[in-house]
Amino acid sequence: MLTSDSKENTREIVVPGDLLAISSKKAGPGTYSQGGKIFASQLGIKTVRPDSISVVPLAGRYLPVTGDLVVGKIVDVGASNWLVDINSPYPSPLHVNEVPWRVEFGETRKFMQVGDIVLLKIVAVDELKRISVSMQDHGLRKLTGGMVIEVSPSKVPRVIGKNGSMIQMLKNETACRIYVGQNGRIWIDGELDNIVRAVQAIKMIEDEAHNLGLTEKVKEFLEKSSNKGA
Amino acid sequence: MGGAPTDLKLIDENGRRIDGRRPDEMRPLKIEAGVLKRADGSAYVEWGLNKVMAAVYGPRECHPRHLQNPDRALVQCRYNMASFSVDDRKRPGPDRRSHEISKITSEALTHVVFTEYFPRTSIDVYIEVLQANAGTRCAGLTAASVALADAGVPMRDLVASCAAGKVADTMVLDLGKEEDNFGQADIPVGYVPRAGEIVLLQMDGDLTSEEFDKGLHMAVEACKKVYEVQRDALRRRYTAKGAATETAMPSETDMRKEAV
């Protein structure tokens, strides 16, 4: 996870160009250094760690990183591949060799159609940002049923929480099956009432991502809403 | 330039301008970030009687494809004046002037954005002038850079912009409509405060080099003030957000409709 919310109580919002420090620390993500000074390059929250300074962005596009788990949507079907939208600026083709089924040439449509939702892993991203994705790993599959919501990719770490605490709590409290993609797409399946509660909780996390004591607040909200339903 | 009504006094006996400002006074500036829900980033600027909206989309796949650059992003900008933004209806659509402003704005913004982070993409900036009263390219550039930061685009710094000019043989800051129409010169400046760089500089009219230096100095000082307003707008977007989110939360009935 990017930040530890318990240790930090000063959450300073910085704007591109703000001077963060004059030091020899490493300029982490969201910053850049020039002439021994470190400046913010993105709108976000300043985070100081012993060896580096970084900015946790409050907005921004998803940039694919090798190893990320993402929720994708099929947007085009070719003879030997599917084109998947993973909410990034770059298209990502999913080749038939990368799916868990044996697919004959030209029979891609029998397996997945346009609009289907898939859980994928990013296998490689080269310097030209060409992306390879795969569905051949434990737990990766086509997702049927449920619904997909989108949050800002920069808020994904908060939805997951420290060591998965937030998402675990969400799953327990709502009895829903939830997959959170690093690209900001979240797939939820369960009973309708529970889905509604989970979505509201996630929206709440997104809106208040920069506040402290979020897990407690969300838990309180979920408990309250489950009592109301019963 | 001429053509001024003979009874129009752009600067009165007390050294006040037509709208009561001192020569080195800027019009009131108000900026709000994050005003459009569906854009990745947006900003609204009210600068005197100017009203300008800017929206940023991307980085996203670059279309048309032949424009994309294999090792950096393209900052594409479109400046557009609404047909109702001026007294006489402006014929809608791009014209020579808006092409020029689009070009200089995208060049100014390209200078501060870390374009090398997003190869093959384009970052699209749309500037819509809703109400014009001279100085819309400065207002547009100011709004666009706030919108870019609001979209989370990595950039070296914000670009602040302001104009200076010569009116009734006096160097003045931030020309209004009458001053622009009947004045002698106009110098819009785009400035990167942290690095002290100028990323936009034009001149319309004639000035001596001393007058030019004075005007440039005035504009740069004003840009520093504009910069503070820009930064404040971006910080306010997140610090004042708590209260605003209540209404943004989807109601339970809306959710049900969507799920079914």
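This briefing covers the strands, a helix, the nonpolar cores and the chain contacts of the structure above. The model is predicted. Chains A and B touch, with 27 residues of chain A in contact with 34 residues of chain B. The largest nonpolar core holds 88 residues. A second, separate core has 37.

**Strands of chain B**

- Strand E2(B) spans residues 41-47 and is mostly covered, with six of its seven residues buried.
- Strand E1(B), residues 29-33, runs antiparallel to E2(B), and five bridges join the two.
- Within E2(B), B:Val45 stands opposite B:Ile31.
- Seven bridges link E2(B) to strand E3(B), residues 50-61, and this pair is also antiparallel.
- B:Ala43 has B:Ala54 in E3(B) as its bridge partner.
- Two residues lie between the strands in the hairpin of E2(B) and E3(B), where B:Gly48 takes a positive phi near 60°.

**Nonpolar cores**

- In the 88-residue core, B:Ala54, B:Val125, B:Ala143, B:Ala147 and B:Leu148 touch the most other members.
- Helix H2(B), residues 136-150, gives the most to this core, with nine residues.
- The second, separate core includes A:Met166, A:Val180, A:Ala198 and A:Ile205.
- Leaving out residues up to four places away in sequence, B:Ala54 touches several residues, among them B:Ala43, B:Val125, B:Ile127, B:Gly140, B:Ala143 and B:Ala147.

**Helix H4 of chain B**

- H4(B) covers residues 209-239, which makes 31 residues.
- From first C-alpha to last, H4(B) reaches 45 Å, close to the 45 Å expected at 1.5 Å a residue.
- An α-helix has 3.6 residues a turn, so residues three or four places apart point the same way.
- The buried residues of H4(B) include B:Gly215, B:Met218, B:Ala219, B:Ala222, B:Val226 and B:Leu234.
- B:Arg231 and B:Arg237 are also among the buried residues of H4(B).

- Helix H3(A), residues 192-207, supplies eight residues, the largest share of the side of chain A that touches chain B.
- That side of chain A divides into 16 nonpolar, seven polar and four charged residues.

**Sheet in chain A**

- Four strands of chain A form an open sheet in the order E1-E6-E7-E3, with mixed pairing.
- E1(A), 13-14, and E3(A), 26-27, are the edge strands, and each pairs on one side only.
- E3(A) runs parallel to strand E7(A), residues 52-57, and two bridges join them.
- A:Lys26 has A:Ser52 in E7(A) as its bridge partner.

Key: Residues are numbered from 1 along each chain as its sequence is written. Chains are lettered from A and ligands numbered from 1 in the order in which they are written. This is a predicted model: local features need pLDDT of at least 70, side-chain atom pairs count only at pLDDT 80 or more; totals for chains, interfaces and linings use all residues. The expected span of a helix is 1.5 Å times one less than its number of residues. A residue is buried if 20 or more other C-beta atoms lie within 10 Å of its own, exposed if 12 or fewer, and partly exposed in between; C-beta atoms are placed from the backbone. A nonpolar core is a set of buried Ala, Val, Leu, Ile, Met, Phe, Trp, Tyr and Cys residues joined through C-beta atoms within 7 Å. Two residues are in contact if their C-beta atoms, placed from the backbone, lie within 7 Å. Ala, Val, Leu, Ile, Met, Phe, Trp, Tyr, Cys and Pro count as nonpolar, Asp, Glu, Lys and Arg as charged, and the others, Gly among them, as polar. Two strands pair if DSSP finds at least two bridges between them.
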